[in-house]
Amino acid sequence: MSIKTKNMKKLFLATCVTTALVGLQACNADDPDVGDSSAKSAFGGRLIDGYLAGATIYIDLNRNNRRNAGEPYAITDKDGYFSESKEGVNYCREGAPENESRHCLNSVLADSDVLIRTYGGFDVATGEPFTGSLSREVKVSTTGVVNNSVVSPLTTALAAAEDKEKLLADLGITESDLDVDFLSEDEFSSALTGKALGLHKVATAFSEVVDSVYTEFGEDSDLPSNSYELVYKGLVNNAPADGVWTEADLFAAFEAAEQTAIDLYVGAGLTNAAVAPEDIVAAVNGAKVILGVIGTSFSSETTFDNLNQNLLGVELVTTKIVYEKAESDEVDTIVNELSDPSSNLNQTLSNVNADFQGLAKTKIDDSTDYDSLVVVDPQNLGDPIDKQLSINYEDEDASGAFHIFFKGTEGSSSGTLVTCLTYTTTDQSELDDSDFDLEDVNTAGNWFNIDAKSMVVTLTFGGGNYDVVLASKGLDAEQRQKYSFSYGGENVSWYSNNGLIANDDTNALPVPVSNDDCSATLVD
């Protein structure tokens, strides 16, 4: 059984007991949760690939593409904003509650140029975990004001470029375009969206291959946390002057990225086999397909009304190619369906209750039952305060129970939580290898809503913070509530007989305050 499979069984939420899951939030830094608490200059902004909720954004003081101890960081809110909300709430104000101040990015630096980076988080449109990293060079004034706030694939490309003026010309954009919130209704730009998606989705396809071979990225302290930056450098240094990527351009970009990976390995005293030629060809061919879909989806005729549906279409084809390793016939079917506005796939993607995770895991062909890929009666998670959710898990090898108790101020879209969890398995080595006790554990954390059907849940466990998306998937055939938990590129589903219920419900459990309370609760 793989480490990742073990962790999927242990989720309840993300107990984070092995390096596969710890890598989601903590492993790319040297004691990363020891941040800079003396900082006073606030950085404000938002993350755009789709909007990224629950992402970690930090100041990379030594520019090593790793979050090290002492480097200031924050978590983006439900809209992808940090330091100040979309509605103008100052997360950095004196006396801000912890569930708001966690979104504040502070620094003692002033009147200086710094590099901010991101990792983790979840795409608001899809609920899918965000892979990779975004970055931006920002200027901190003497008063702590940061004039540039948007962090996107476009700013990431510019941060990676040696000749920034040439890159702007190659991309056909101006420096002022970097500050455009091109996914917002007020500033929507199909052209900028297409350029940004093209860069990041190709970077995703290439990085997945590079990271699968150069596995010390994120593990060795002398190496970056992942290959995204060097892939971006390969892309920007080989960007076509006319903005149209050819197969030769893509091969050159991949080869440049891999050469940088080799050089970094050599510098760290490591050796490694190169990426297999057939895998490079597959990555380039996948990138060509993705770029073709982006070109069709974000043309001059694309309007804001089509935005979410088209974003989902691009994300679906990227997920199928990069992560699901879909066969070419399925990819061809998806591409053809996406090109037809009236197709069953497009009609499903336009439905606000479309189950994107189900689409990603279902083979798309002429026999696909799209009705089954729409969530029926999703439970409203928009007001979980003073409510609880109980889930049980059991298979032939393991069993467990997980109870979440939500707290917060009435009317708020965020708050705190406590949990009880337990996990037992016939494979004792799983428990022996764990750094943490997994029996009758009382933990704490935070939550904030993404929308009425989903939220980011953060657990403080074993000295680290771990973020997971909890989403309602409606009722199953047996009228049980179904929920998905997404973390680290994996989606796992559980069922609950009662769903989210009030703490004074007749089926409710007492809210725990200790491990002993959890022991009593879990026994009951």
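## A walk through the structure

The side chains of arginine 63 and glutamate 137 come together in a salt bridge, with 2.8 Å from N to O. Keep in mind as you look that this is a predicted model. Arginine 63 sits in the loop between strand 5 and strand 6, while glutamate 137 belongs to strand 12 (residues 135-140), so the pair ties together parts that are 74 residues apart in sequence. Both partners are partly exposed: arginine 63 has 40% relative accessibility, and glutamate 137 has 29%.

Stay with that loop for a moment, which runs between strand 5 (56-59) and strand 6 (67-68). Most residues other than glycine have a negative phi. Arginine 63, though not a glycine, has a positive phi of about 55 degrees. Asparagine 65 is found in the loop between strand 5 and strand 6 as well, and it too has a positive phi, of about 60 degrees, without being a glycine. Is asparagine 65 buried or exposed? With a relative accessible area of 1%, asparagine 65 is buried.

Let us turn to the other salt bridges. The count for the structure comes to 14. One of them joins lysine 78 to aspartate 79, whose closest N and O atoms are 3.2 Å apart. Here lysine 78 is partly exposed, at 23% relative accessible area, whereas aspartate 79 is buried, at 17%. Glutamate 478 and arginine 480 also meet in a salt bridge, at 3.8 Å from N to O. In that pair glutamate 478 is exposed, with a relative accessible area of 60%, and arginine 480 is partly exposed, with 25%. Salt bridges with shared partners also link Asp60, Arg117 and Glu229 into one network.

Aspartate 123 is buried yet has no salt bridge, since the nearest side chain of opposite charge, lysine 201, is 5.5 Å away and a salt bridge needs a nitrogen within 4 Å of a carboxyl oxygen. Beyond its neighbours within four places in sequence, aspartate 123 is in contact with Gly50, Tyr51, Leu52, Glu128 and Glu315.

Next comes a covalent link. How many disulfides does a search of the whole structure find? The search finds 1: cysteine 92 and cysteine 104, with their sulfur atoms 2.0 Å apart. The link is right-handed, with 110 degrees about the S-S bond. Cysteine 92 is partly exposed, at 23% relative accessible area, but cysteine 104 is buried, at 9%.

Finally, look inside. The largest nonpolar core has 81 residues, and Leu154 and Phe206 touch the most other members. Helix 6 (residues 190-213) gives the most to this core, with 10 residues. Apart from residues up to four places away in sequence, leucine 154 touches a group including Leu171, Ile173, Phe182 and Leu199. Leu154 is also one of the buried residues of helix 4, a helix covering residues 153-160 in which 7 of 8 residues are buried. At the start of helix 4, a side-chain oxygen of serine 152 comes to within 3.1 Å of the backbone nitrogen of leucine 154. A second, separate core has 20 residues, among them Ile404, Phe406, Phe485 and Leu500.

Conventions:
Residues numbered from 1 in each chain as written. Predicted model: local features only at pLDDT ≥ 70, side-chain atom pairs only at ≥ 80, totals over all residues. Heavy atoms only, no water. Core = buried A, V, L, I, M, F, W, Y, C linked by side-chain atoms within 4.5 Å. Buried < 20%, exposed > 50% of the residue type's maximum accessible area, 1.4 Å probe, protein only. Helix = DSSP H or I, 4+ residues; strand = E, 2+ residues; numbered from the N terminus. Contact = heavy atoms within 4.5 Å. Lys, Arg positive; Asp, Glu negative; His and termini not counted. Polar contact = N/O pair within 3.5 Å; in protein donor to acceptor, adjacent residues only side chain to side chain. Disulfide = S-S within 2.5 Å.
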